[in-house]
Amino acid sequence: GAAINKSALRHQITLLKDMGANAIRTSHNMPAPELVELCDEMGIMLMIEPFDDWGFRPKSPNGYGAEFNKWAEHDVTNMIKHFRNNPSVVMWSIGNEVPSQWGQPGMEELQMLQNLVHQLDPTRPVTCGMDQIGSVLDNGFAAALDIPGFNYKPQFYDSIYAQLPQQLVLGS
């Protein structure tokens, strides 16, 4: 629980709009409901992301990855049910730069999360922020997502685009 000032948040969104932004990624944590309400009101698109660590190869011993197997299904379900009726939400992100992107157990986690999201909200696509371009192209991780999301390295986006069956790349 974090306290927010709705007026300050409205001011920040106005500044983003004034500089030409039209979307926000709520990285690594569920957003404050006030942010989602303001985005609905102000015409800003949202990509909502609940966490940045999964169970296979956790980032740290005391991070979310240590609790992933116990809480991920509950937390994703809560997130989707809470925000699926908000028109500003245009897609769901199931993670960010998870070490799980490197191996088969990670593919199983990806499929579990993406299937859960599709079950709870079949109207919006699923993405995940990836940073290991070679690995996720070789092991099928990027190809398994509705919209493959890549962090950094925009110089590779054209070649990534050409290699993926979705013919989509989300750069972040």
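A: Strand S5 (residues 147-150) and strand S6 run parallel and are joined by two bridges, where strands (E, at least two residues) and helices (H or I, at least four) are DSSP runs numbered from the N terminus. Within this pair, Gly-149 stands opposite Leu-170 in S6. The model is a predicted one, in which local features need pLDDT of at least 70 and side-chain atom pairs count only at pLDDT 80 or more, while totals for chains, interfaces and linings use all residues. Residues are numbered from 1 along each chain as its sequence is written, and side-chain values use heavy atoms, with hydrogens and water left out.

The S5 and S6 pair belongs to an open sheet of six strands, in the order S1-S2-S3-S4-S5-S6 and with parallel pairing; two strands count as paired if DSSP finds at least two bridges between them. The edges are taken by S1 and S6 (170-171), each of which has a single partner strand, so one side of each is left without a neighbour in the sheet.

At the other end of that order, strand S1 (residues 23-26) runs parallel to strand S2 (residues 45-48), and four bridges join them. Thr-26 has Ile-48 of S2 as its bridge partner. Between these two strands the chain passes through H2, and the resulting β-α-β crossover is right-handed, a term used if, with the strands pointing away from the viewer, the path from the first strand over the helix to the second runs clockwise. S2 also pairs in the parallel sense with strand S3 (residues 89-96), over three bridges, and here the partner of Met-47 is Met-91 in S3. A right-handed β-α-β unit is again made, by S2, helix H3 (residues 68-83) and S3.

Among the contact residues are Leu-9 and Ile-13 of H1 and Leu-35 and Leu-38 of H2, contact meaning heavy atoms within 4.5 Å. By class, this contact has six nonpolar, one polar and six charged residues; Ala, Val, Leu, Ile, Met, Phe, Trp, Tyr, Cys and Pro count as nonpolar, Asp, Glu, Lys and Arg as charged, and the others, Gly among them, as polar.

Helix H4 (residues 104-120) lies across S3 and strand S4 (126-130), and runs at about 160° to S3. The axes of H3 and H4 come within 10 Å and cross at roughly 25°, and the two helices are therefore roughly parallel to each other. Residues that meet there include Ala-72, Val-76 and Ile-80 in H3 and Met-112, Leu-113 and Leu-116 in H4. The contact of H3 with H4 has nine nonpolar, two polar and three charged residues.

Returning to the strand S5, the loop between S5 and helix H7 (157-163) holds Tyr-152, which has a positive phi of about 70° although it is not a glycine.

How values were computed
Axes are lines fitted to C-alpha atoms, for helices over the stretch in contact, and angles run from 0 to 180 degrees between N-to-C directions. Angles under 35 degrees count as roughly parallel, over 145 as roughly antiparallel, 65 to 115 as roughly perpendicular and the rest as oblique.
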